[in-house]
Structures are given as structure tokens and as C-alpha cells.
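Hi,

Here is the model I promised to pass on. Have a look at it first, and my notes follow below.

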Amino acid sequence: MKNKIFYGWFIVASSFLIMTFGWGIVYNTSSLFIEPISEALNISRKVMNFTFTLRAIFMLIISLSSIVIFKRFKMINVMRLCSIVLGITFFLHSYINSIPVLYLLNSISSICVILLSVLHL
């Protein structure tokens, strides 16, 4: 009899990686970039910190409405799309040149992170 690894452990490992990269990069490192981004765009820290408020608002809205999204689309397809879009928004953060672009990219990344991490039972 072969000792196969239970497939649930692969799900746990992949969930760990998704949460590490999604939440880790978006939320845990964002405070490191407040000062450099605000200096590069010549904006106040108040304007820069508003991105955290926008992020929380979008997370609330998407968390509450995600059941509709997951009923309409397959969860795996939503997660694939969000993974790709999240990677693209991380890359595009290096090209931010205005406040609306900053707000837009942070809003998109927060939507993607919440759709990657919300699982409905």
C-alpha cells in the first residue's frame, strides 16, 4: 500500500502561499512605502494614508457582495483572474504618477486580495 500525501495538504499549502503573497505584500509592506511614495508624488501623508481607508471600504463592499460573484462565476476562475490582476497591479505601482492612479491601483489590489481570501461555505 502506497503512502500518498492527502490532497488536502496541497490545498493548505497553496492557501498559505496565496495568503502570504496576497495579504503579506498588500497589507504588511504597504506602510514601508508611505514616505517614499508621498515624497515622489509630492503629496501629504494624509492623502497617501487615504489609500488605507479606500482599501477598507472596498474590502467591506466586496466581502459582503462576494457571494453574488461566486454564485455567478466559478471560484477557481475568479481566483485565477485575481491572481493575475494582483500581480499586474504590483508591477504597475512602480509607474504611479498621480493620486487617482494611486487610489485606483490600491482599490483594484484590495478587491483582488479579498476575492482571493474569502471562501464561502
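In which helix is the place of Ser107? Ser107 sits in helix 5, where helices (H or I, at least four residues) and strands (E, at least two) are DSSP runs numbered from the N terminus. Ser107 counts as buried because its relative accessibility is 8%; buried means under 20% relative accessible area, exposed over 50%, and partly exposed in between (1.4 Å probe, protein chains only). Leaving aside residues up to four places away in sequence, Ser107 touches Leu54 and Phe58, a contact being heavy atoms within 4.5 Å.

Some ground rules before the rest. This is a predicted model, in which local features need pLDDT of at least 70 and side-chain atom pairs count only at pLDDT 80 or more, while totals for chains, interfaces and linings use all residues. Residues are numbered from 1 along each chain as its sequence is written, and side-chain values use heavy atoms, with hydrogens and water left out.

On confidence, the mean pLDDT (the predictor's confidence in each residue, from 0 to 100) is 83 for the protein, and 93% of its residues reach 70 or more. Helix 1 has the lowest confidence, with a mean of 76, and helix 4 (residues 75-92) has the highest, at 89.

Now the overall picture. Of the 121 residues, 31% count as buried. Among contacts with a separation of 6 or more, 74% are between residues 24 or more positions apart. The accessible surface comes to about 8500 Å², of which 72% belongs to carbon and sulfur atoms; these areas come from the Shrake-Rupley method with a 1.4 Å probe, and for residues only the protein chains shown count as cover.

Ser30 is in the loop between helix 1 and helix 2, and counts as buried at 12% relative accessibility. Its contacts, not counting residues up to four places away in sequence, are Ile25, Phe52 and Arg55. Ser30 and Tyr103 are 73 residues apart in sequence and 13 Å apart in space, C-alpha to C-alpha.

Finally, the surface: Ile5, Phe6, Tyr7, Trp9, Phe10, Ile11 and Val12 form a nonpolar patch with about 850 Å² of accessible area together. Patches are made of residues with over 30% relative accessible area and no salt bridge, with like charges joined within 9 Å and nonpolar side chains (Val, Leu, Ile, Met, Phe, Trp, Tyr) within 5 Å; a salt bridge is a side-chain nitrogen of Lys or Arg within 4 Å of a carboxyl oxygen of Asp or Glu. Val12 is in helix 1 (residues 7-28) and is partly exposed, at a relative accessible area of 45%. Tyr7, found in helix 1, is exposed at 57%.

Cheers
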